[in-house]
Amino acid sequence: MVDTTTDKVSSSNSHDIDIIIATHQQVSTNSTAASASTNTTNKRKLDTNTFNTNTNDTANKNPLLDDDGPPSSSNNKRRKKYKKKKNKGKQQHNNNSKSKKQQQHAKYVKKQQNWIESCSESIHRIPANCVAPLTCIITRVEIEEEPLLPKGKIDESIADTNTSSSDGGKEDKSTYDIKPSSIEAEVEAEKQQQANIARPTHAFLSQYSKNREPWKISSTMQVDNEKKKIFIPVKRHSSTVGPTNWTKRRKQQQQSGSSKNAYVHLPNGNSGDGILNPYPTSIVPDKFWAQRKRLFSKYDEGVQIHNVDNNNDGEMWYSVTPESIANHVADKMINMMVRQGCHQSTSSSSSKGNSITILDVFCGCGGNSIAFARLNAEKKEGRYLPRVKVIAVDNNLSRLKMAANNAAIYKIDKDNIVFIHADAVEVLNCYNKGILVDTKSSRQYESHQYAGYKLGGLELLPTNLDGIFLSPPWGGTEYSKQEAGKSGFDIITSIVVESSCCLKDDKEDYKSTTSVVKTNGGELLSLSAKAVLNDESTTQEGVIAYFLPRNTDGIILGQCAISSGIKGTFEMEQNVVNGKVKTVTAYFGREVDDKQGD
């Protein structure tokens, strides 16, 4: 008989063991859950900074707190480090998530700044592997002039002022747009225009092209048998820091409530005097007509800006230098030459005595030439000024006649200015280190009198030269909308002067027999340096003033100067009129030194 008691007991014991094991597992599970719940509670306490820890008691340290977790409230350094790491990750994520349109917009905004305003001072940051033969000094001059006549107020009705005619005050300008009545008349007008253009001889142009080497800017320089990159450091004058005085005054007036009522621009070029623009806006924009007295203060006395021989030529309206800027540039340039002693020549070949001769290569209708010559009549007390003689050059005979007419209105002495009808490149090649060289290969024009002044060809050039003023065409009114934009005007690609000659002396067939040589803005600076400056920067006697747009790239200009043999320093001066940057004038000469940046 089998004893089943043991089996029952064993079965019972086994069942009890299973119950015990299950109960143990359940307790263990509950313990783990409780532990996890405790840990979660501890974490929440850490996040809310509600639990206190004793740094001296190791038993109170939280084992859950590691280097990557949130720090305690007492550890400020770790908290800052944690937040910085977290914010850095967010910033990197935001940068990576930027769209291409946003990046392009950022580049566009950066381009809106002029180079001279956006560049930083780098005079003390010259790289070790670079050489700096030339330093750029940035200065600013504030010119204040009388504002234009008051215009219509915003809160006033200006309908009566501008509705004098049935078409809303807009005058019919078609009568001013003179067009040839036939093809024959158009051809005749073009021939007359071509006859007014001075052209160098074929012999000169052939020789110039033959001796002309391919021009390029210098990017490296040999120093102690080692080739180094050229670096142009920039030094800013204290005058360029902060807003202009005019802007500060306007802001103070607005804050104090003492500013005058706002005005609006009147249509049709009306500057407030009721005189409308008589020319087509395609030739003379209304804004230029409204500012005609800023170009010439004596405009109403008979000043000529519009081409009298060709009514469709309105280039001088946007090419002439405003009178206030022209007067400042003339005064500063003369002062530089006086300090250099240009008027005290000891050369035996010089017969100029105590005088200074300035060459205005692109005189146009005479804005800058008149400003230079007016200095003879503006002798100030306690200030010595030598006699200033101006050589006004232009290849357009009609513009030279306008310049002579304007000089007569400003009562310029006939002995202080001479007008020469010639090509600019040919004239610059006539000089070497300020001395006139042979001009036999040049075309000769018959000299005659116009408006009481001498007007002729290269035979009127003086034997000595002290300074050159360069104001070449900038490429029209769209110069700021070119590929470089507002951030940098490139004088190499944007300034191009064409010199053309007739292969045959046949005026009837000038189109098919014309040879053209193009000279860029960098080459013009090189020709000017050769014409008036000596080889060594420490002994150079002449001065060059280069009149340029306000968005000119100073680095490219400096590279062109180095390629032209100019060393030391050059100055880029912002010409600010009534708080607005209008132009930039670059000065090259011995009197330009880095002390101006202090």
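What share of the contacts in the protein with a separation of 6 or more is accounted for by residues 24 or more positions apart? The share is 75%, where contact means heavy atoms within 4.5 Å.

This is a predicted model, in which local features need pLDDT of at least 70 and side-chain atom pairs count only at pLDDT 80 or more, while totals for chains, interfaces and linings use all residues. Residues are numbered from 1 along each chain as its sequence is written, and side-chain values use heavy atoms, with hydrogens and water left out.

**Figure 1. Overview of the protein.** The protein has 17 helices and 18 strands, taken as DSSP runs (helices H or I, at least four residues; strands E, at least two) and numbered from the N terminus. Of its 598 residues, 41% count as buried, that is, under 20% relative accessible area with a 1.4 Å probe and protein chains only.

**Figure 2. The eleven-stranded open sheet.** The strand order is β5-β2-β17-β18-β16-β13-β6-β7-β8-β12-β11, with mixed pairing; two strands pair if DSSP finds at least two bridges between them. Because β5 (234-236) and β11 (448-450) each have a single partner strand, one side of each is left without a neighbour in the sheet. Neighbouring strands are turned by 25° against each other on average, direction ignored.

**Figure 3. The β13-β16 pair and the helices packed on the sheet.** Strands β13 (residues 467-470) and β16 (residues 543-549) pair in the parallel sense over four bridges. The bridge partner of F469 in β16 is A545. Helix α11 (residues 323-340) packs on the sheet and touches several strands, including β2 (134-143), β13, β16 and β17 (568-577). The direction of α11 makes about 155° with that of β17; axes are lines fitted to C-alpha atoms, for helices over the stretch in contact, and angles run from 0 to 180 degrees between N-to-C directions. Helix α16 (residues 521-532) touches β13, β16 and β18, and its direction makes about 165° with that of β16.

**Figure 4. The largest nonpolar core.** Such a core is a set of buried Ala, Val, Leu, Ile, Met, Phe, Trp, Tyr and Cys residues joined through side-chain atoms within 4.5 Å. Of its 116 residues, F419, Y546 and F588 touch the most other members. Helix α11 gives the most to this core, with eight residues.

**Figure 5. The buried side of helix α7.** In α7 (residues 202-211), F204, L205 and Y208 are buried. They cover an arc of only 95° around the axis, which puts them on the same side of α7; the arc is that of the directions from the helix axis to the C-beta atoms.

Key:
Buried means under 20% relative accessible area, exposed over 50%, partly exposed in between (1.4 Å probe, protein chains only).
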